[in-house]
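Take a look at the model below before reading on.

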Amino acid sequence: MKRYRIESFGLEGLELSEGRALEPGPGQVVVSLEAASLNYRDLLMVRGEYNPRLKLPLVPCSDGAGLVARVGPGVEGLALGQRVAGCFAQGWLDGRPPADAHAQTLGGPLDGALAEEILLDAQGVVPIPAHLSAAEAACLPCAGVTAWSALHGAGGLRPGEWVLVQGTGGVSTFALQLAKLAGARVIVTSRSEAKLERARELGADATILTPETPRWGKAARELSGGGVDLVVEVGGAGTWSESLSACRSGARVAVIGVLSGRETQLDVAPILMRQLRLQGVFVGSRADFLALNAAIEAHGLRPVVDRTFPMAEARAAFGVMERGEHQGKLVVELQA
């Protein structure tokens, strides 16, 4: 069984090696993975920036999809050969996240999906929509569920509302697609006009080219006629002030990412005066994943896959993510 492991932090420490075939214990399944997708979290994990104290070696990547290959004693409701994907947080089934949710996540601290096989809890997998390829289904567990939770959990999205989506990466592109399914109006920001053109093709109602519009929060407020109702905030420290500037009174900010840093000085006055609600989003539960899949099946939605890489070129995929050259998702195909 081939797998990549982080032997030491940094892309040069991501090594392809042979491992023993996995055997499921009681209540577990082994999934023969066909594809894995990359998230920015995975890049941070490989570089040692997500958790410098992470125990190594580790198989990275939280998101993968494939076929049930072996089942352990006591497993019911899963058949050999069934197409499934693993849940990001293995023990979070529904409701609020358990206190130890961070200890149950794939791709760190648990071994992840950049391998030909993965060992999962039987309750930690979900069937994947029939119309999706393995590469498309591999995009769902983290980015897809995060976008769903941002819109329908933290965001409480209603038809006709304005949503501001930052950039065109995996979560942001999912948020655009899912917000349009829900009848919302969407503004997308980007540093690339070519990426904004693609966003308009996916249904964006308005776009902002940020190098030409550094005060994009004000521009979003004007485009939406007084401010957006929901911000999908993936930027972090470097985008906070503009995100708050974009909001109308009573708006919500779904706080997801740290692409531009973790720490900043924050003026709380706009939050108080306009009664803004900030809600952190830590992906979502198994129930959230099932709800996402139901919406995907009902509408025939397909994730946006920027490009795929053979398993031997996984490092190159991380390089593309590091340089921000993608739009949507980057996928590594794990079977020849």
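In this predicted model, helix 3 (residues 140–154) and helix 9 (residues 286–299) pack at an angle of about 85 degrees. Their axes are 9 Å apart. An angle of 65 to 115 degrees counts as roughly perpendicular, so helix 3 and helix 9 are roughly perpendicular to each other.

**Helix pairs**

- Two packed helices are described by the angle between their axes and the distance between the axes.
- Helix 3 brings Leu-140, Pro-141, Gly-144, Val-145, Trp-148 and Ser-149 to its meeting with helix 9.
- Helix 9 answers with Asp-288, Phe-289, Ala-291, Leu-292, Asn-293, Ala-295 and Ile-296.
- A second pair is helix 1 and helix 10 (residues 314–323), which pack at an angle of about 110 degrees with their axes 10 Å apart.
- Helix 1 and helix 10 are therefore roughly perpendicular to each other.
- On the helix 1 side, the residues are Tyr-40, Asp-42, Leu-43, Val-46 and Arg-47.
- They meet Phe-318, Met-321 and Glu-322 in helix 10.

- Which residues of helix 5 (residues 193–201) are buried? They are Lys-195, Leu-196 and Ala-199.
- These residues cover an arc of only 100 degrees around the axis, which puts them on the same side of helix 5.
- The face turned away from that buried side carries the exposed residues Ala-194 and Glu-201.
- The buried residues of helix 5 pack against helix 4 (170–181), strand 9 (185–190) and strand 10 (206–209).
- At the start of helix 5, a side-chain oxygen of Ser-192 comes to within 3.3 Å of the backbone nitrogen of Ala-194.
- After helix 5 comes Gly-203, with a positive phi near 120 degrees.

- Phe-174 lies in helix 4. Phe-174 is buried, with a relative accessible area of 2%.
- What does Phe-174 contact, leaving aside its neighbours within four places in sequence? The contacts are Cys-139, Leu-140, Ala-143, Gly-144, Ala-147, Pro-303 and Lys-329.
- Phe-174 and Pro-303 are 129 residues apart along the chain, but their C-alpha atoms are separated by 7.0 Å.
- Val-232 belongs to strand 11 (residues 228–233). Val-232 is buried, with a relative accessible area of 0%.
- Beyond its neighbours within four places in sequence, Val-232 is in contact with Leu-151, Val-163, Leu-164, Val-165, Gln-166, Ala-175, Ala-254 and Ile-256.
- Val-232 and Ala-317 are 85 residues apart along the chain, and 25 Å separates their C-alpha atoms.

**Cysteines**

- A disulfide is a covalent bond between the sulfur atoms of two cysteines.
- How many disulfides are there, if the two sulfur atoms must be within 2.5 Å? The count is 0.
- Cys-142 is in no disulfide, and the nearest cysteine sulfur, that of Cys-61, is 11 Å away.
- Cys-142 is buried, with a relative accessible area of 9%.
- Cys-247 is also buried, and its relative accessible area is 1%.
- Cys-61 is buried too, with a relative accessible area of 0%.

- Most residues other than glycine have a negative phi, and most peptide bonds are trans.
- Cys-61 has a positive phi, near 85 degrees, in a residue other than glycine. Cys-61 sits in the loop between helix 1 and strand 4.
- Val-283 also has a positive phi, near 55 degrees, and is a residue other than glycine. Its place is in the loop between strand 13 (277–280) and helix 9.
- Is Val-283 buried or exposed? Val-283 is buried, with a relative accessible area of 7%.
- Leu-56 and Pro-57 are joined by a cis peptide bond, with omega about 0 degrees.
- Pro-57 is in the loop between helix 1 (40–47) and strand 4 (63–71).
- Another cis peptide bond joins Gly-108 and Pro-109, with omega about 5 degrees.
- Pro-109 lies in the loop between strand 5 (83–86) and strand 6 (117–121).

Technical notes
Residues numbered from 1 in each chain as written. Predicted model: local features only at pLDDT ≥ 70, side-chain atom pairs only at ≥ 80, totals over all residues. Heavy atoms only, no water. Buried < 20%, exposed > 50% of the residue type's maximum accessible area, 1.4 Å probe, protein only. Helix = DSSP H or I, 4+ residues; strand = E, 2+ residues; numbered from the N terminus. Arc of directions from axis to C-beta. Contact = heavy atoms within 4.5 Å. Polar contact = N/O pair within 3.5 Å; in protein donor to acceptor, adjacent residues only side chain to side chain. Disulfide = S-S within 2.5 Å. Axes fitted to C-alpha atoms, helices over the stretch in contact; angles between N-to-C directions. Parallel < 35°, antiparallel > 145°, perpendicular 65-115°, else oblique.
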